[in-house]
Amino acid sequence: MASLNETIAALDRLPALPATTIQLISMLAGEGRDTDLHEVEKIVSRDEAVAASVLRRANSAAFGMRGRVAGISDAIRRLGTRELCRIALETQTSGLLANAGRSYGLRRGSLSQSALGGAVAADALARAHTSSHRIDREVAFVATLLRDIGKLAIDAVAGADALEKIAAAADGRPFLAYEREVFGADHAELGAMLCQRWSLPDEIVRAVRGHHEPPSSPSEPLTDIVHAADCVARWAGLGLGCDGLMYPFDIGVRERLGTTRDELEALVADVLAATATQPTPGILNSGTLNSGTLHSGTKPGNALKRTA
């Protein structure tokens, strides 16, 4: 068991968010509507992994254009500023989360895959509900991509099997309650602290903090979207560690968004398709948890049939 001070101190030992990532987030979060492509090109060119991802996406069948792109400048013009920023953020976040989630029983790459799957769902939800809730799709994408960043701090203070023991003794409460008892704070709170340290926009900080327990009075439309997207990613079987499905879908969010079963099932399929190009890392323990009850043999996508 770690004290709150020890857990917060672990934040100081975590790698800083790259300066280029913060620049890209700023561009996407409302300040990049008229960003000069040359400025974006300079940012992308400094990161080999990002540059490779940009070229790969520009030459993918998804863009359906003739002729292969060999240079960053041409790739940027083909993709556009927003798509470019998203690709860069996906790549950099994947690197940051590559080894995250070990204390939850997750294998390498599993949490970064979940981050991307959730971001895909958030983009679709924001697009579908933006007229009534005025949700910025780009901010929703970024906030969902970063929603589980606090698990890095839990990894830093948790013993090898600490969370597995917690899950084994679970009595049906949401998993956040057990994290608070053992570490003094849960991964959502710790993630919000990290976002504050990185000087990210307040709306992203609030969405990360509330993505498992969205406020209702007053409600926060962005947090509602991130919460729903996180649930969709879990129903798709992404990021399921020893905490499994012990994060219920908030009834208030369901009512405020007006999501239907058909919409959620379609989103699960979209998330699975978007992450299918990456090998599914899986988890170290078989089975998933639903409301504190262990269900062995749960397959990706099937959880929705019980929880939606």
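Student: What should I know before reading the model?

Tutor: The model is predicted, so local features need pLDDT of at least 70 and side-chain atom pairs count only at pLDDT 80 or more, while totals for chains, interfaces and linings use all residues. Residues are numbered from 1 along each chain as its sequence is written, and side-chain values use heavy atoms, with hydrogens and water left out.

Student: How many helices and strands are there in the protein chain?

Tutor: Helices (H or I, at least four residues) and strands (E, at least two) are DSSP runs, numbered from the N terminus. The protein chain has 17 helices and two strands.

Student: What percentage of the residues count as buried?

Tutor: Buried means under 20% relative accessible area, exposed over 50%, and partly exposed in between (1.4 Å probe, protein chains only). Of the 308 residues of the protein chain, 53% count as buried.

Student: Which residues of H4 are buried?

Tutor: In H4 they are Val50, Ala51, Ser53, Val54 and Ala58. To place them around a helix, take the arc of the directions from the helix axis to the C-beta atoms. Here the arc is only 160°, which puts these residues on the same side of H4. The face turned away from that buried side carries the exposed residues Glu48 and Arg56.

Student: Which residues are buried in helix H1, and what do they pack against?

Tutor: Helix H1 (residues 4-11) has Thr7, Ala10 and Leu11 buried. Seen down the axis of H1, they fall within an arc of 115°, so they line one face of the helix. Contact means heavy atoms within 4.5 Å. The buried residues of H1 pack against helix H9 (151-157), helix H11 (175-183) and helix H12 (187-197).

Student: Which residues make the contact?

Tutor: H4 contributes Ala49, Val50, Ser53, Val54 and Arg57, and H6 contributes Glu83, Leu84, Ile87, Ala88, Glu90, Thr91 and Gln92. To sort them, Ala, Val, Leu, Ile, Met, Phe, Trp, Tyr, Cys and Pro count as nonpolar, Asp, Glu, Lys and Arg as charged, and the others, Gly among them, as polar. The contact residues divide into six nonpolar, three polar and three charged.

Student: Is Gln92 buried or exposed?

Tutor: Gln92, in helix H6, counts as buried because its relative accessibility is 11%. Not counting residues up to four places away in sequence, Gln92 touches Thr20, Thr21, Leu24, Asp47 and Val50.

Student: Where is Leu24 found, and what is it in contact with?

Tutor: Leu24 is found in helix H2 (residues 19-31) and counts as buried at 1% relative accessibility. Leaving aside neighbours within four places in sequence, Leu24 is in contact with Ile43, Cys85, Ala88, Leu89 and Gln92. Leu24 and Cys85 are 61 residues apart in sequence, yet 5.8 Å apart in space, C-alpha to C-alpha.
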